[in-house]
Amino acid sequence: MASNVNPTVRRRRLGQELRKLREAKNMTAEQVAERLLVSQSKISRLENGRRSISQRDVRDLCGVYEVEDERMVDSLMQMAKDSRQQGWWHAFGDIPYSVYIGLETDAESLRMYEPQIIPGLLQTHEYAEAVIAGALPESTPADIEKRVQVRTRRQERIRDEERPLRLWAVIDEGALHRIVGSRQLMVQQLEHLLEQSQLPHVTVQVMPFDMGAHPGISGQYSILEFPDASDSSVVYIEGVTSDPYLEKAQDVGKYSVMYEHLRAQALNVDQTREFISKMAKKHAQG
């Protein structure tokens with residue numbers, strides 16, 4: 001198989017197909033689990049793409065769902081095989097947010113709100129080092145460097161001429177004030193942010209303090225959308241020990257409406273660039 005197969009996305013697609021088969025038989029996940037002598041949570045994890053799925057799992061499920069079309073069974077089993085391949089991020093070892101990286105790698109667009117720091121896809125190497133060292137104080141220099149390398153690799157989607165990621169980032173004003181590393185480092189970071197905001201597929205807006213309470217006040221979140229219509233959009237909420245992924249249409253719809261309000265209340269593109277320039281000058285003056 002081609003090396004560009006994304007195992008995370010392939011698992012999601014396979015899980016969606018298996019869920020459709022189960023629902024077509026009017027069976028609950030609990031009923032399927034009882035038939036296969038496995039836990040209900042395993043069936044749920046297989047369907048939401050959070051768990052690696054074997055060809056044997058697919059064969060057993062197709063048996064329960066009485067799938068008679070051998071071509072369909074073969075196709076699903078091939079998807080299971082592809083989903084067990086490793087993505088580029090596996091070369092860096094155990095990455096806690098590897099599921100998100102897989103989704104981001106295949107996404108067509110990403111809308112995000114960041115209240116604390118400059119978004120990872122728009123960070124300089126030095127800023128990323130300082131952010132990771134500060135956020136994970138017990139990490140070794142090697143661990144920090146590994147995470148920076150992963151972040152740098154993720155940024156290739158921004159520079160990809162053939163398939164650039166459409167990025168829309170609303171950043172809270174506090175992220176521009178927060179001195180990460182040093183003031184000089186902040187000057188470099190904000191200048192880099194200005195450069196990235198000039199790209200045709202990158203939109204940056206700042207949410208100013210004087211806007212007061214707004215729909216992003218509860219914290220960071222991202223909305224990922226995919227080129228294949230069969231792949232449902234995903235809301236990602238970054239956590240410390242776990243990362244919720246919301247895929248139900250109702251949940252994604254609520255966050256999308258919230259994001260529209262965020263974009264409407266934030267400074268527009270020109271105002272944002274002027275604001276970032278002023279903040280860079282302020283950091284330069286000390």
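This briefing looks at a group of paired strands and then at a cavity inside the structure. The model is a predicted one, and the values given here are computed from it. Strand S2 pairs with strand S1 in the parallel sense and also with strand S3 in the parallel sense, while the structure holds one cavity of 30 Å³ or more.

**Strands**

- Strand S2 covers residues 166–172, and because five of its seven residues are buried, that is, under 20% relative accessible area, strand S2 is largely enclosed by the rest of the structure.
- Strand S1, made of residues 109–114, runs parallel to S2 and is joined to S2 by six bridges, and within this pairing Ser109 is found opposite Arg166 of S2.
- Strand S3, made of residues 202–207, is likewise parallel to S2, with six bridges between S2 and S3, and here Ala169 has Val204 in S3 as its bridge partner.

**Cavity**

- Rolling a probe the size of a water molecule over the atoms is a way to show where empty space is left.
- The largest cavity has a volume of about 30 Å³, and its lining consists of Leu18, Ile43, Leu46, Glu47, Leu61 and Tyr65.
- Helix H3, which spans residues 40–47, contributes three residues to this lining, and that is the most given to the lining of the largest cavity.

Key
Residues are numbered from 1 along each chain as its sequence is written. This is a predicted model: local features need pLDDT of at least 70, side-chain atom pairs count only at pLDDT 80 or more; totals for chains, interfaces and linings use all residues. Side-chain values use heavy atoms; hydrogens and water are left out. Buried means under 20% relative accessible area, exposed over 50%, partly exposed in between (1.4 Å probe, protein chains only). Helices (H or I, at least four residues) and strands (E, at least two) are DSSP runs, numbered from the N terminus. Two strands pair if DSSP finds at least two bridges between them. On a 1 Å grid over the protein atoms alone, a cavity is a set of points where a 1.4 Å probe fits but cannot get out, and a pocket is an open set with protein on both sides within 12 Å along at least five of seven lines; lining residues have an atom within 4 Å of a point. Grid points are joined across faces, edges and corners, and a volume is the space filled by probe spheres set on the points.
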